[in-house]
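Subject: Structure for you to look at

Hi there,

Here is the structure I promised to pass on. Have a look at it first, and then read on for what turned up.

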Amino acid sequence: MFTGIVTDLGEILAIDAIPAGKRTRIRTIYDTDSFEIGASISCAGVCHTVTAKDNGSNGNWFEVESAAETLALTNVADWKVGQKLNLERSLTMGAELGGHLVLGHVDGLATVTKREDHPDSVYFQFEAPEEAAPFIAKKGSVALDGTSLTVNEVDGLLFSVFLIPHTLDVTTWSDRKVGDKINLEVDMMARYAARLAEFSKTG
């Protein structure tokens, strides 16, 4: 489980095809001795399992493997060598919950439909997948490429967020543009509330 607070901008060092999908090596500032093989790390909002790691003289790195389903449902299939990724290590008991509870289980791809740069913020508008849109509410939370953000406005499949300069500085959002596909995870509380509402109607 994660919080949607990005703690490192990783860089993709290598990508290799494997029978199950693809293997990606990612440079990081994390001390890889501080976590074990099998640890979970959110990479652009997708929960991945560490399969190899090293603290090297040329920088620290870890590897993850992405299966066919992940490649089909997320933007992992489009990753390229040299690309930056929002990284977050898994939440530990007693840690500060700075964003909202994020599982790292992507619901689908949102498309950037508008970007407007202002002196003190950047406005992004997205089109959500039809199956995820009902769970996105004004002033609610969403995770976009692993970043916990507050929804500004909602209109059908469209929703928007404002990003402050700090967020742009410490994440990949400064490079995002119209047409980009973004990993979207809706708030798990909204998902549970909708499920409970289903039963209350039939009860």
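Let's start with a strand pair: strand 4 (residues 46-56) runs antiparallel to strand 5, and six bridges join the two. Please keep in mind that this is a predicted model. One of the contacts to look up here is that of Lys-53, whose bridge partner in strand 5 is Phe-62. As background, strands of a sheet pair through backbone hydrogen bonds, either parallel or antiparallel.

Both strands belong to a closed barrel of six strands, in the order 1-2-5-4-3-6 and with antiparallel pairing. From one strand to the next, the twist averages 45°.

Phe-35 and Phe-62 are both buried.

A second pair has another geometry: the ring centres of Phe-124 and Phe-126 are 6.1 Å apart and their planes meet at 20°, so this one counts as stacked. Phe-124 has 0% relative accessibility and therefore counts as buried; Phe-126, at 0% too, is buried as well. Together with Phe-159 and Trp-173, Phe-124 and Phe-126 form one aromatic cluster.

Which charged residue has its end over the ring of Phe-35? That is Lys-53, with its charged end 5.9 Å from the ring centre. Another charge over a ring is found at Trp-61: Arg-25 lies over its face, at 3.6 Å from the ring centre.

Finally, the cysteines. How many disulfides does a search of the whole structure find? The count is zero. For Cys-43, the nearest cysteine sulfur is that of Cys-47, 8.5 Å away, whereas a disulfide would need the two sulfur atoms within 2.5 Å. Cys-47 is likewise in no disulfide, with the sulfur of Cys-43 as its nearest. Is Cys-43 buried or exposed? Its relative accessibility is 0%, so Cys-43 counts as buried. Cys-47, at 28%, counts as partly exposed.

Note on methods
Residues numbered from 1 in each chain as written. Predicted model: local features only at pLDDT ≥ 70, side-chain atom pairs only at ≥ 80, totals over all residues. Heavy atoms only, no water. Buried < 20%, exposed > 50% of the residue type's maximum accessible area, 1.4 Å probe, protein only. Phe/Tyr/Trp six-rings, centres within 6.5 Å; stacked < 30°, edge-to-face > 60°. Lys NZ or Arg CZ within 6 Å of the ring centre and 35° of its normal. Pairing = 2+ DSSP bridges. Helix = DSSP H or I, 4+ residues; strand = E, 2+ residues; numbered from the N terminus. Axes fitted to C-alpha atoms, helices over the stretch in contact; angles between N-to-C directions.
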